[in-house]
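Reader: I would like a close look at one pair of packed helices and its surroundings. Please give the cut-offs as you go.

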Amino acid sequence: MAQKDKQTPVDSYLGEKIKSREGSFYMFLWPVFSVLLGLAASGMMMLLLGHNPFLVFLKLFSFAFRDMYNVADIFAKAAPLILTGLAFGFAFRATLFNIGGQGQFYMGCVAAVFCALKLYFLPSFFLLLVCLSASMLAGGAWGAFVGYTKARFNASEFLISMMSTYVALAIMNYMLRGPLKEIKGEYPQTDVIAQNAWIPTLVPHTRLHWGFVLALGIALVAYFVLWKTSLGFKIRAVGMNRNAARYAGIDEKRVFIVVFLISGAFAGLAGFMEVNGIQHMLVQGFNPMIGAEGIGIAILGNAHPLGIVLSAILFGALKVGGNLVVQTSTIPSSIIGIMEGFVMLFVILSYFLQDKITTRRSKKELRSKEKGGVSR
Amino acid sequence: MSIDHAVSLKKITKSFPGTLANDEVSLIVEPGEVLALLGENGAGKTTLMKILYGMYQPDEGEIFIQGRKVTIRSPHDAMSNGIGMIHQHFMLIPVHTVVENIVLGLRSDSGKSCRIKEAAQEISRLGRQYGLEVDPYALVRQLPVGMQQRVEILKALYRGARILIMDEPTAVLTPQETSRLFEFVREFTDAGNSVIFITHKLNEVMEIADRVNVMRDGRMVGSLRKEEADENVLATMMVGRELQLTTGERDKLPGKTPVLEVKGLYVKSNRGNMALEDLSLQIREGEIFGIAGVSGNGQEELAETLCGLRRKESGEILLSGIQISGQNALSMIREGIGYIPADRHLEGLVLDMSVEENLVLKNHGEEGLSRQGILFWKNIRDLARKKVKDFSIKTPGPGTRVKALSGGNQQKVVVAREIMIGTRCLVAVQPTRGLDLGAADYVHKVLMEERSKGKAILLISTELSEVMTLSDRIGVIYGGRILRTFDREDADIEKVGLLMAGINGDKNGTEG
Amino acid sequence: MIWTGLLARAIQMSTPLMIGSLAEVYAERTGMMIIAIEGIFLLGAWGGFVGAYLSGSMFLGLLLAMAVGVMAGSVYGFFTIKLKQHQIVTGTAINIFAAGLALYLYRVFFGVPLLPLTVEPLAPLSIPVLCDIPLIGQALFNQNILTYIAFLIMPAGYWVLFKTPLGLTLRSTGENPEAVDSAGINVEKVRFLTVLFASAMDGLAGAFYSIGFLGLYTNDIIGGRGWIAFAICFLGNWNPMGALLGALVFGLADAASIVIQTSGFRLIPNEFLIAIPYILTIVATIARKQFNVPAVLGVPYVKERK
C-alpha cells in the first residue's frame, strides 16, 4: 500500500471527537460549568493554606470590576494567548502538533526587541511595522524548520517542536546575557525600548493596547484561510484524512511546511505583543507558560478561531483574577497554574459527558422508533 | 429434542448509537452441522457472532451451550465453552510469529502450554491432523493471506474449540483455497463439531451449508434446510424484495483505439521487492478490462501507479498514444484519470467533510470553483446539488457530513466525483466492497453507462463474479504480471481460478 | 581525571533518563503515550524531597515519589483509557497543573523559607573491589543506589518484554488490541496497569533530581528532561536496551555540558552547552526512521464500536 499513514487511526478518532463538536449550541454552557467547577476545586486548594475561598473570591470580584484597569487587563492578557492558541490550533487542523509555540514566541520576542533597540530612529509607524514583521518572520522560520523536518524526514513534529523550544530558550538567554544586554549590565535583560516602539494604547490608563485588535484580526484571517481558501481546504483535508488527501492529489509535504510557517508566525507575533505592547523590554524568564497555555486554549476552543478567542479571554480572566487573589491575600501565584489546570481537566471531563449524553440520546431515539427499518 | 443443541441463542437484542444491530434474534446450531448465516453487509451477522464469542454484551437475550445456560462475558468465557472465532479481519499481530500469536492470552489453567517450543510442536501436530500446515516460527506478516487464515483457525483449534464461527472466510481466498477450506469444514463437522459460517455469497451457502439462516436489518427472517433453499429464494429473503440484477448485457462493442496502454511496467512494493514485473495491458475505447487475482499480486501497486501515487521503476504509460509521466496524483487527475479506491473510508472520502467538500476534493482548484486560491462556495454547492440529483444520492443536503450517509450513498459520492474527474479513463478497485446488493448493482450500472460513453475502464476486483459479469476482457494477474488475457466469451471459472493461483504450468501457489 | 569525572557524571545523569525511558517504552508498547511525563517527573521530584525532608529517610522519600507518580498516573490513565480522551490534551493539562500544584504544595508544607531547604543527597555506595578498577571503577561502581537500580532494571525490562508471556501481551496490545481482546484479555486493564507502573517509575526518576543529585527542590529542577526520556523511547526503537544506550548518550551530553561550563572554557557560550542535549534529540529524531512504532500508539481502544 502506498505508504499508508500510521497516523490515520488517530486522525479519524480525533476528527470524530474534537472537530465534530462544532455547531452545537450547548458548546457555551459546558465551558462555563467547567470554569465554575475549576474555580471550586481551586478554592479547596486554598483551604490547605488556611484561606477561606469564599472570602477570597468575594474580594476578588469586588476588586476586579472596581475600575477599568483590571477589566482591560483581561483583554491585554488575552491578546498574546489568542495568538499562541491559534498557533497550536491552526496546526492542529492539519493534525500536526506544534508544541513549540513557546520557542517560536521567544524567537519573535528576540526579533521584535532587536529591531526596536537597533532601529529606534525610525518613525513609530514604520518601527512598529518592522518589529511586527520581524517577529512573525522569526517565529515563522523557527516553526517552518519543524515543518520541514516533518516533510522531508517524516520526523515526529511533536518531539522536534518540543525540543526546539529549549533551543530557542538558549538563544534568547544568550542574547540577553550578551548582545542585547542592557547598558547598565546588571541583569540579563534588555534596556527599555524607545517610546516609538510601544504599541499605542487602546484604552487610556490601562495596559490594553491595539495589539488586541490585531489579534482579533489575525483570528479572522485564520478563519478565512481555513474555510474560504483552497489552502485551508487542503489543510483541513490533510488533517481529517491524510490518505484521502494524498489520493486527491494534495501535496501533504507542502502543507506541513506552510502550516508550521503560519503557526510559528502566529506565535512569533505574540512575542511582538508582549515585548512592544506590555513589557516594553525583554526579561529572562518571562511568560514561560504562554505556549502551554496556548495549547490548553486551543483545545478548549475546539481548535476554532472563535472558540480560541473566547477561551483566551477566559484564560485572561483567570490570570487577572488569579493575580488579584495573589495581591489581596498571601496565596502564592502558583494558584493560577492550578486554576488553569483544573479548568482544563474539567473541560476534558465535559467532553466525555457531552459524548455520553449524545450517545444515550440516540440510543433512546432508536428504541422509541418502530422496530426495524433502521438505516446506518 | 432429545439431543441438546450445540448452541442456542434466544432473543438476542443489541443496539449501538444509531443502529439496532440485533433485534430479538434467535438461532440454533446442532452438533455436526454447518449452519450458514446469510445476509447483506450490515444485516447484523457479525454482531450476533461477536456476542456469542463474548466480544460484545447483549442488551437482552440468553445463550445456551449444550442445553446449559451460560453467560459469556469475554472471549475467555467463550473459549472455555468451546467456542472459537475466525474473524473477517484477522485478529493477528503481523510483527509476531505464528506461535506467539497462537499462545497470546493463554491462561495457565487452560491445560495447554504457553512455552514457545512446546506450543510450536503442538501446532505442527494440529496442522498435520487437519491439513492446515504452517511454519510456527514464521512472521505472520510474511505469510500469504490464505496461510494467515490457517493461523486464525489453529488459534481456535489449539484451545479445543468444538464450535467454530467463521466470518466471511472466503473473501481473501482463491477458488482452490476455498475448496480446501470447505474440505476442512466437512472434516471438522464429521467429527461431531459445529461450524457457523457467515457469508453474503449465495453460491457458497448452497455448496457448504446443511442449513441456512437469513438475517436482514437486524432480524432473523428465515431458517431453511439446504434442500429447501435455492439462490433466488435466498436472495429475496436477504433483500426483502425482488431484485433485477445487472446482467452485463451490452449494446455496443468496444472501439478499436486503445485509450490506456501500459507497457513493460516495473514497480516496487513497499517491502522493496518488485510488485509489478513487466506488466503490460491495453484498454480500448468503451471497454471494461477486468483484472482477476488474489489480493497481493500487484493489483494495488498497479492501481496506485496509474493514479500517480506510486513511482514506476521503468515502463511506459500512454493515454491515447501520448506518454504520461504520472509523477504525482495531481498530474494523473489533470490527465483525466478517475480512481475509485478500494477503501472509501481510508482512501476515498474525508468522512468529516460534507458531501460537497468531498465532491470537489480533487478539483477545487479549477476554473469556476475557485480563483486565486479563494473558493467559490456558491458554485461548489450548485455543482454538488446537480451531482446529488444525477446520482440519486440520498442525503439531507450537500452540506451534510458524508459520515452520516449509508455505505451505498457514500460510494455514490466517490463514484460521482471520479466520473467527473475521469474524463478519459476510470480505474475502479473493489468498487462494491461492503455494499449491499442494491448499492452494488447501482455501481455496476454506472460502470456500464460510462463504458457506453466510450471511456476506458480498468476494473480490479477479488470478487470473481463481478469481474466476469462486467468485463469485456479479463486479465489474470499473478506475481506482478498479467499471465493471460481472456475475451469475455472464453473465460470460465476453472481456468481463471487456476491462473489466479499461478498455475500456468508451474506449481507455486504462493504470492509474489 | 577529567575523564573519570566526566564518565561518573554521565552515568549519574543518565540514571533518571534510563528509568523514565524504560517506563515510556513499556507504556508505549501497549499503545499509551505518557504525555504527562514532564509533570510526573516534577511531582516525583517534589514528593521525593518532601518525603525525605519530613521523615529524614531517603527510602520514604523515594516511596512517596513513586506514590505521587502513581496518583498522577491514575488521573492520566482514567481520562485517557476509561474516558477515552485525547492523550496530548490530557497530558498537557496535567503538565500545566503539576507545575502549579508542586510549587503550591511546597508552599503549603514549608511556607516561604529564607534559605532554600536542603537534604543530604543520596550518598554514593561503593562496590568494593570493582570500584578500584582503574579509569572506570570510580565512575561505574561508586554511584548511588538509584543508579544501580537503573542499570539492573534495563536488562530486566528487556527480558520481561521479550521473553515472557506478560511481555507478549503488552507488545500485542500496542499492535492490535482487537486481537488481544479476542484472546480474552482486558485491554483497558493491561494499559491502565502499565500506565501506573510507568508513572511510578517516572516519579522515581523525578526524585533523582531532587534527592538523588541536588538535595533540594525548585520548580525548574526537571528542565525538560522528562521530555528527553520521552524522546529516548522513540530513539531507542521502543526497546529497553536501545533506551539504555540512548540514556547513556544523553547523560553524557548533559554531563559534558556541565563539565565544560565549570572548566572555564569560554569559547562556546554556556547557553549553547546547556542546549546540547536538546539539539542532540532533534538530530537523532531526524535521523531515526520509525521502525517499530507500536501500530496503535496514541489511539484509545474503543471496544463496542461498529
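Author: The axes of helix H2 (residues 37–55) of chain C and helix H3 (residues 58–82) of chain C come within 7 Å and cross at roughly 145 degrees. Axes here are lines fitted to C-alpha atoms, for helices over the stretch in contact, and angles run from 0 to 180 degrees between N-to-C directions. Helices (H or I, at least four residues) are DSSP runs, numbered from the N terminus. The crossing of H2(C) and H3(C) is right-handed; that is, the near helix is turned clockwise from the far one by less than a right angle.

This is a predicted model, in which local features need pLDDT of at least 70, side-chain atom pairs count only at pLDDT 80 or more, and totals for chains, interfaces and linings use all residues. Residues are numbered from 1 along each chain as its sequence is written, while chains are lettered from A and ligands numbered from 1 in the order in which they are written.

On the H2(C) side, the residues that meet H3(C) include C:Gly39, C:Ile40, C:Leu43, C:Gly44, C:Gly47 and C:Gly48. Among their counterparts in H3(C) are C:Leu62, C:Ala65, C:Val68, C:Gly69, C:Ala72 and C:Gly73. Two residues are in contact if their C-beta atoms, placed from the backbone, lie within 7 Å. By class, the contact of H2(C) with H3(C) has 14 nonpolar, nine polar and no charged residues. Ala, Val, Leu, Ile, Met, Phe, Trp, Tyr, Cys and Pro count as nonpolar, Asp, Glu, Lys and Arg as charged, and the others, Gly among them, as polar.

H3(C) has 25 residues and reaches 35 Å from its first C-alpha to its last, close to the 36 Å expected at 1.5 Å a residue; the expected span is 1.5 Å times one less than the number of residues. Just after H3(C), C:Lys84 takes a positive phi of about 60 degrees.

Chain C also touches the other chains. Its contact with chain A takes 43 residues from chain A and 40 residues from chain C. H14(A), residues 334–368, gives the most to the chain A side, with 13 residues. That side divides into 32 nonpolar, eight polar and three charged residues.

Towards chain B, the contact takes 16 residues from chain C and 20 residues from chain B. Helix H7 (165–175) and helix H8 (177–182) of chain C each supply at least two residues of the chain C side. By class, this side has six nonpolar, five polar and five charged residues.
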